[in-house]
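Please look through the structure shown below with this report beside you.

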Amino acid sequence: MTTLENDHTLPALPLPELEETCANLAALIAPLVSPDEMKNTKAALADLGKPGGDGEKLHQALLEYRAALPGNASWLRPFWDDMYTAWRDMLPVNMNYILRFDSDRWGGQNALPRLLRALSYLFRQATSGTLAPEATKGGYLSMDQLLSCAYTRIPGEPVDQLRPVALNGPHTVAVSCGGHWFILGLSDSAGNIASEQELQTALANIRKEAAALAASGVQAPAVSAFTSANREAACAARKELAQNELNRHNLSAIENSLFALCLDDAHSSDEDCARRILCGDAAGRWFDKSLQIIATANNGIGINLEHSGCDAGIWLYLFTKADELLTGKAEMTEAASGATTDSDSTACPPPSDSPVCASPQKNTFTVWQRKLGWAVPDVLAKTLATLRADFSAIENNVDICCRPFPEYSRGIAKELATSPDAFLQISFQAAQTRLYGKLRCAYEAVATRSFYQGRTEAGRPATAEAAEFAAALARKAPKEELREAYRKAEKAHLERLALCQKGRGPERHLHGLRQIWQMRGKELGIDALPAIFNDNGWKALKHDALSTSGIGGAFILYFGFGPVVADGIGAGYAPSAAFTSLTITAFRDKSPAADAFVIAFEEAASAIRTALKD
């Protein structure tokens, strides 16, 4: 079965009825606003849904738009892509998210070169269509994002562009170390991949060269700092950088590399490692790459992912396949492993002046490396240095707490006969209620890849029932009352999840209506945006004070991301059979400390566990 064989057989993403969307929106907003504000919200929703009104006209136009699309194409996908590429703020912390891996599981000090080889192999498989499609108990999932998940986001005006990497060509890696950038040859166009030993030597040579440059006082210009800035500043800096021919060549080499690899010094703690993966020195990161691997000198390995063109589910699938290769559950075939082939290995030859690691095997790809030199005028160098310093200040304002909880694993949830996701989300709602004295809006990403070109829907775990449970917990209600309140909150949460998984959540629908208004509003005689979009209830719903998402896997230690609003909290969780880890983030100058949220979460989760025990 080929990788994309099932995609066109998947159903098209549904478009809910307008009446259904209005009712569901009212339920999402009600716990977040006062009774008086809710009256205004209901009036705005009634106006949106009235027969013959502006909302109905926009909905009909959206139906027409969907009908004109080919096959089972998603009506949401073009709007979604535009929404992300139009983002004008900085990408790191705001847009990018992270995973930290268990490098010991993949060979400790040998894990990094082994991972590089596995990724090159898997991307070649994806290109040839031989990577099996992902399936769940409910059926196959859409794989269309897989072939476009390797890209570089190019800053532009008024929107950015996602420049895809050629997966079937020679694979190179953009490597940063000590502020210097290198290009590393990973494989040739025939699929021959450098050996583990070669890559280990090449990476050691890069570290040595960067250390020697530092010892001699050679400082590299912080060229990559522009990728940490807001998109207007990023666009201006990149344009100025690209005026020089050498710089244009270097930009092309980095932007067409399969991914970036950032070689850092040793990390001192889980939080330090997470901070480096989420932020790091802007001179040693290329945040516009869809995938950055961050590797510390003491074997910490994590990834920073740009979110525009691909969701976490596809990356999780790809790294799950890598884990199978690295733990011996699957093997690379000879044709793509670099083991034995007579194919021409000079399809991506090293430059004549680059250090080369001799290949120990005949007829294999020979790894090469090349340091990039830059021509940066003084004025631009000062601009890049300022951007680097500005991002350092932002990084220092991010508070991070990483904590594993073996007592809240999937196995424990099974013993308690509860949903692991509901258990965590209801605990989150109770934690934020304790910290802020009220239930604030919460977001949970819910995948919709059971539909063709599916991305995500906005789950909203801040339910009225979760608020009632938090209130019962705060007043120290008896065990039986607490258990009953929890079961009601669990039921409400699972029903809301199911609605989103079926593609019938209301928020993407509202986004579609807004996009249609921008496209055809005047033509339809609708001069003003419907009142719901300026309503306080809608604004409360869209202020993601608690942004949450979870990714699980035996090879994942932590999953996280930054807060998405200034006064918000980012709550990433990685559930597994052995433990559930939390990565909590907050801005120091706007929110309670991240560890205060973890403490409040632990108290709530412990109370739930006690209440559910027989």
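## A pair of strands

Two strands count as paired if DSSP finds at least two bridges between them. The model examined here is a predicted one, and in it strand 12 (residues 398-405) and strand 18 (residues 580-587) pair in the antiparallel sense, over eight bridges. Within this pairing, Arg403 has Leu582 of strand 18 standing opposite.

How much of strand 12 is buried? Six of its eight residues are buried, so strand 12 is largely enclosed by the rest of the structure.

An open sheet is formed by eight strands, which follow one another in the order 11-7-6-8-9-10-1-16 with mixed pairing. At the edges stand strand 11 (369-371) and strand 16 (556-561), each of which has a single partner strand, so one side of each is left without a neighbour in the sheet. On average, and with direction ignored, neighbouring strands of this sheet are turned by 20° against each other. In general, the strands of a sheet pair through backbone hydrogen bonds, and they may do so in a parallel or an antiparallel way.

Helix 10 (residues 312-326), in turn, lies across strand 1 (97-101), strand 9, strand 10 and strand 16, and runs at about 20° to strand 1.

## Aromatic rings

The count of aromatic pairs in the model comes to 22. In one of them, the rings of Phe428 and Phe597 have centres 5.9 Å apart and planes at 40°, so this pair is tilted. Because Phe428 lies in helix 14 (residues 420-436) and Phe597 in helix 19 (residues 594-612), the pair ties together parts that are 169 residues apart in sequence. Both Phe428 and Phe597 are buried, and they belong to one aromatic cluster together with Phe405, Tyr408, Phe423, Tyr573 and Phe601.

Another ring has a charged residue over its face: Arg440 lies over Tyr436, at 3.6 Å from the ring centre.

## Cysteines without a bond

How many disulfides does the structure hold? The number is zero. A disulfide is, in general, a covalent bond between the sulfur atoms of two cysteines, and the cut-off used here asks for sulfur atoms within 2.5 Å. The cysteine sulfur closest to that of Cys149 belongs to Cys310 and is 4.9 Å away, which is too far for a bond. Cys310 is likewise in no disulfide, its nearest cysteine sulfur being that of Cys149.

Cys149 is buried, with a relative accessible area of 0%, and for Cys310, also buried, the value is 0%.

## A residue in a loop

Thr463 has its place in the loop between strand 14 (456-459) and helix 15 (464-474). If residues up to four places away in sequence are not counted, Thr463 touches Pro31, Leu439, Ala492 and Arg496.

Methods:
Residues numbered from 1 in each chain as written. Predicted model: local features only at pLDDT ≥ 70, side-chain atom pairs only at ≥ 80, totals over all residues. Heavy atoms only, no water. Helix = DSSP H or I, 4+ residues; strand = E, 2+ residues; numbered from the N terminus. Axes fitted to C-alpha atoms, helices over the stretch in contact; angles between N-to-C directions. Contact = heavy atoms within 4.5 Å. Phe/Tyr/Trp six-rings, centres within 6.5 Å; stacked < 30°, edge-to-face > 60°. Buried < 20%, exposed > 50% of the residue type's maximum accessible area, 1.4 Å probe, protein only. Lys NZ or Arg CZ within 6 Å of the ring centre and 35° of its normal.
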